[in-house]
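Work through the exercises below with the sequence and the 3D view at hand. Each task is followed by a solution in steps.

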Amino acid sequence: MVNLLKFFCSIQFLDFTKLIPQKFFKQAGENLFQARFACGAKDFLNACANASALSALFCAIVLFAFSPLHSALALLVLPIVLFACFFSIPFFAKKSRAKKIESSLALFLKELSIRLKYEPLESILEKYSSNKNELSKEFKDILLDSRSMGVSGALRCSLKRVDSVYYKRAMMLTAFSYENGVESIGLNKLSEELLVEQKNALKKFASKMTFLSIVFIATSSLLPSLFSAYAIIGSSFLDAKISVQTIYLVFLLGFPLANVAILWYLSNAVPALSVN
């Protein structure tokens with residue numbers, strides 16, 4: 001992933017940064033930081049613009065052999081669509097990272113609420129940071145920051161690195177408990193709240209998956225068959241004019257893109273589930 005990101009950010013044939021609004025730089029920088037992408041906002045946005053322009057040009061050249069009109073439309077529409085897709089990569093990456101953190105957070109909070117009664121917070125974080133999950137990586141950064149700004153400051157500083165409301169609430173409660181030296185009952189309550197939220201999200205995802213699985217079957221088998229029948233019967237008996245280029249585009253781009261979109265949505269809609 002790191003090597004792929006470096007390769008992507010190295011796509012710098014032309015400088016498009018002057019054409020990109022300043023608000024995109026701030027949003028891209030925040031998304032890259034929370035997704036842990038080692039890339040600057042300027043380089044990333046310029047790479048997005050270059051990659052979208054090159055991809056659109058390649059598609060326009062390919063489409064020109066079938067239809068000059070479709071080629072012109074590709075040059076007008078594809079750069080914007082592809083730039084939006086490339087620009088959204090860090091956004092979905094930070095959401096995915098937040099889900100991974102939340103999947104380990106509920107059980108950690110339940111354990112933390114018990115162990116804080118007889119063990120210092122620094123020791124708990126140090127032991128948990130040896131695990132191999134996204135939450136333990138964040139705790140490693142907290143322990144490093146605590147050397148210069150203290151544990152409370154490091155906990156509050158970590159709020160900027162994770163795009164999760166539950167994580168921010170958990171770290172604020174942990175910092176409050178550490179500063180005041182009191183048992184935080186709120187940690188256990190937050191853990192229960194997070195588990196209930198994950199259970200409800202799983203039910204919603206199950207209903208979505210049932211519906212989208214039917215849609216996927218339709219777009220992968222039923223609709224192509226119906227379109228083929230319509231193309232054959234319509235051109236033979238109904239005087240329907242369906243060009244060869246349209247049939248190629250529908251089968252090579254339309255239905256495959258619909259299937260990819262459904263699978264992509266399902267993969268990103270998977271809720272965070274508590275794991276050890």
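**Exercise 1.** Does Tyr 128 count as buried or exposed, and at what relative accessibility?

*Solution.* The model is predicted, so local features need pLDDT of at least 70 and side-chain atom pairs count only at pLDDT 80 or more, while totals for chains, interfaces and linings use all residues. Residues are numbered from 1 along each chain as its sequence is written, and side-chain values use heavy atoms, with hydrogens and water left out.

Step 1: buried means under 20% relative accessible area, exposed over 50%, and partly exposed in between (1.4 Å probe, protein chains only).
Step 2: Tyr 128 has a relative accessibility of 10%, so Tyr 128 counts as buried.

**Exercise 2.** Describe the ring pair of Phe 24 and Phe 87.

*Solution.* Step 1: rings of Phe, Tyr and Trp (its six-membered ring) pair if their centres lie within 6.5 Å; planes under 30 degrees apart are stacked, over 60 edge-to-face, and the rest tilted. The whole structure holds 9 aromatic pairs.
Step 2: the centres of Phe 24 and Phe 87 are 5.4 Å apart and the planes stand at 70°, so this pair is edge-to-face.
Step 3: helices are DSSP runs (H or I, at least four residues), numbered from the N terminus. Because Phe 24 belongs to helix α2 (residues 22-34) and Phe 87 to helix α4 (residues 68-87), the pair ties together parts 63 residues apart in sequence.
Step 4: Phe 24 is partly exposed at 23%, whereas Phe 87 is buried at 11%.
Step 5: ring pairs link Phe 24, Phe 83 and Phe 87 into a cluster.

**Exercise 3.** Which residues of α2 are buried?

*Solution.* Step 1: the buried residues are Phe 25, Ala 28, Asn 31, Leu 32 and Gln 34.
Step 2: their cover includes α3 (41-64), α4 and α5 (89-115), where contact means heavy atoms within 4.5 Å.
Step 3: just after α2, Arg 36 has a positive phi of about 65°.

**Exercise 4.** Which residues touch the most other members of the largest nonpolar core?

*Solution.* Step 1: a nonpolar core is a set of buried Ala, Val, Leu, Ile, Met, Phe, Trp, Tyr and Cys residues joined through side-chain atoms within 4.5 Å.
Step 2: of its 26 residues, Leu 105, Phe 108, Leu 135, Phe 139, Ile 142, Tyr 167 and Met 171 touch the most other members.
Step 3: two or more residues each come from α5, α6, α7, α8 (165-180) and α9 (185-237).
Step 4: another core, of 17 residues, lies apart from this one and has Phe 87 among its members.
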